[in-house]
Amino acid sequence: MDVKDIIKPENRVYAKTPVLTSTTMHYCPGCSHGTVHKLIAEVIEEMGIQEQTIGISPVGCAVFAYNYIDIDWQQAAHGRAPALATATKRLHPEKYVFTYQGDGDLASIGTAEIMHACNRGENIVVIFINNAIYGMTGGQMAPTTLIGMKTATSPYGRDPKLHGQPLKITNLIAQLEGTCYVTRQSVHNAASARKTKRAIRKAFENSALGKGTSFVEVVSTCNSGWKLSPVKANEWMVENMFPEYPMGDLKDR
Amino acid sequence: MKEEIIIAGFGGQGVLSMGKILAYSGIIQGQEVTWMPSYGPEMRGGTANVTVILSDKKISSPILSRFDVAIILNQQSLDKFESAVKPGGLLIYDPNGITKLPQRKDITICSIAAVDIAAEIGNSKGYNMVVLGSYLKLRPVVTMENVIKGLKKSIPERHHSLIPMNEKAIAAGMDRLVMHNIL
Amino acid sequence: MAEQILMKGNEAIAHAAIRCGCDGYFGYPITPQSEIMETLMDEQPWETTGMVVLQAESETSSINMLYGGASCGKKVMTSSSSPGLSLMCEGLSYLAGAELPCLVVNVVRGGPGLGTIQPGQGDYFQACKGGGHGDYRMVVLAPASAQEMYDFVDLGFELAFKYRNPSMILADGVVGQMMEKVELRPMKSRWTNEEIVKNMPWATTGKTPARKQNVITSLALDAAVHERLNHTLIEKYKRMEDEDVRFESIQCEDAEHVIVAYGCMSRICESTIEMARKEGIKLGLLRPITLFPFPTKEIDRMVPQLKSMMSVELSTGQMLEDVKLAVNGRIPVNFYGRLGGIVPSPEEVFEAFKKSINN
């Protein structure tokens, strides 16, 4: 039997959603971004909202998210995605608007923007990728970097006396009246990816219902930044990141 | 016609609103106008002043160092602006709180006891209208009819019931003016 | 004749925004321009035209809200004063880089730093030479009256959309706080979403099967692509210089000396001109209405008939540099400036002028 005989519609067990472009991703093998992109694209396809969705990409590794998810995109200045999303949603209330931000973007330089957008209860979706490091600039310390974790700017490990404690920004966000759904998920195995997809779908549905801001943190790996193999990175994340950033819903109303 | 006026006193005396009513009356009368306030923290409890210009022609500078008329409502303002009145000009002041009287001989000087008059007529908030009345008596740059229209434009509609009281205050100011130095 | 209303320059900006079909205003309070947002909040245009008005958490946020709104092809604006504009410079650079139209109003106060809340013109460089990083320019309009504050809102938007570039109204505390009569122009309706899709095919209005995705970005990591982008921008700025220089000249026809002044200072210098003419001095006034593009050609044309020029500003001499570039050493270019929020009277300017020509 030739390979051509196998490639037939009736034999197909998996297909890439058409909302995902065919562009090869620039992300490192093992990176969580690709998985999260796929989940978002699938939710957009399943909800049939490709024409109504506007994404806001951050500064960081995900700056090029627009190359992979086939919707209209705005690329924001570092940390400012929630401000762009605020105006976009208010000027286009019928649209689905989401930001896609990393920990440096959301929890460091963009702290004011995310706090106030969530506090105003903007009807937007926030996807927050927390891998405890600055990936794009070459592995520097992030606000969410764990104590003792070595990075390019904390070469002897994060010292709380020098750098403070890891910022659990999602816990702060959950305190804000404007948020309706705040959850922490991961994509390190099939089961967790499925749960994350459900969370993303719920977040988009909330936005249509006008319930307020939905915030989905995805605790992620950066195996390049962490200097680990993809498999080891997943293990390290479960062992070290999960105790600090426990899985589950912080708020759902 | 071109009239350059400075109105100066404490914040809260209605200096800015008096200027605004005058300027609005000017617009209704078909004049060009500018209203330029001092602004900022000094507005809150400190001194306040506003330059109002009424003119038949386009107004160039809204900021002046010399004035045709100075309407002065406290000592600090008198100290600052007496010398800024052009020779032959007019200075009106409220004697309340004035310890050092104006000295110029080359300008018309008159006073209006507006605090007392406003209290007498039972309209202490109409203080600035009493002052406005005294000015209009000497310089009828705008008609009374247009002043009333200007009042209507510058105060919110919910306060329009107060217009007759303000009219009385203006009339009282016209009547009770005291001349000190007449050129 | 349309009704004439007595209002502050700042209030005029707010009324103009509502009446010219602006879709959204995003701002943060700062003296001396807070009346703009206050007036908008008081007017509640979301109940009438559907215009969005939002108090942002910072100027950084408001300029980025403009980026979001402008990406959607909407007419969006903000206003602030000097320190706030410094915070917005990052956003302005991104807006220019992403070729987004929007309107930014700066009611300038004295700097540097927290400076003074009194009027200033020290943000000329920031407005005209960039402010944010990278090679970009904006059309900078300098109103000198409450009516111009009103009219330049519509004009600012028109030029912003003509060039897909931010426009700025560079006002000052005097023009913002002064009340004059303002004629309200006929109401324009906001663009419909259909009109935006048709006229702004680049906007993020939602990807339909009929077109490719729209991406608004200022990022171009490919060197050749990025150089091309910069050349596109330069072409645009050249076009501004060819097509949209605006100025007013007053008594310049027979002038031997010309004062160059903009905004509130042009009003004051107009009175100075009147004084000079009474004394038989042939003094004229050139008022740049667009500070970028600057009326360089007009100055160049005037120079052969002139003995001197003088730049009068509420700064240490910023526009002065553009005047000197235009004059190119042919005649003396003098300067008079006041700082600290001190606005000189026409007499003071006249004294300074006389001193300058006698030296």
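Start by selecting chain C and chain A: three salt bridges link them, each one a side-chain nitrogen of Lys or Arg within 4 Å of a carboxyl oxygen of Asp or Glu. Before going on, know that this is a predicted model, where local features need pLDDT of at least 70, side-chain atom pairs count only at pLDDT 80 or more, and totals for chains, interfaces and linings use all residues. Residues are numbered from 1 along each chain as its sequence is written, chains are lettered from A and ligands numbered from 1 in the order in which they are written, and side-chain values use heavy atoms, with hydrogens and water left out.

Now pick C:Glu90 and A:Arg80. They form a salt bridge, with 3.2 Å between the closest N and O atoms.

Next, colour helix H3 (59-71) of chain C. H3(C) gives eight residues, the most of any element, to the side of chain C that touches chain A. Helices here are DSSP runs (H or I, at least four residues), strands likewise (E, at least two), numbered from the N terminus.

Zoom out to the whole interface. Here 37 residues of chain C are in contact (heavy atoms within 4.5 Å) with 32 residues of chain A. Together the chains bury about 2700 Å², 59% of it on carbon and sulfur atoms; that is the accessible area (1.4 Å probe) lost on being put together, summed over both.

Last stop: strand S2 (residues 72-75) of chain A. This strand pairs with S10(C) in the parallel sense over two bridges; pairing takes at least two bridges found by DSSP. Click A:Gln74 and you'll find C:Ile216 opposite.

Terms used
Buried area is the accessible area (1.4 Å probe) that two parts lose on being put together, summed over both.
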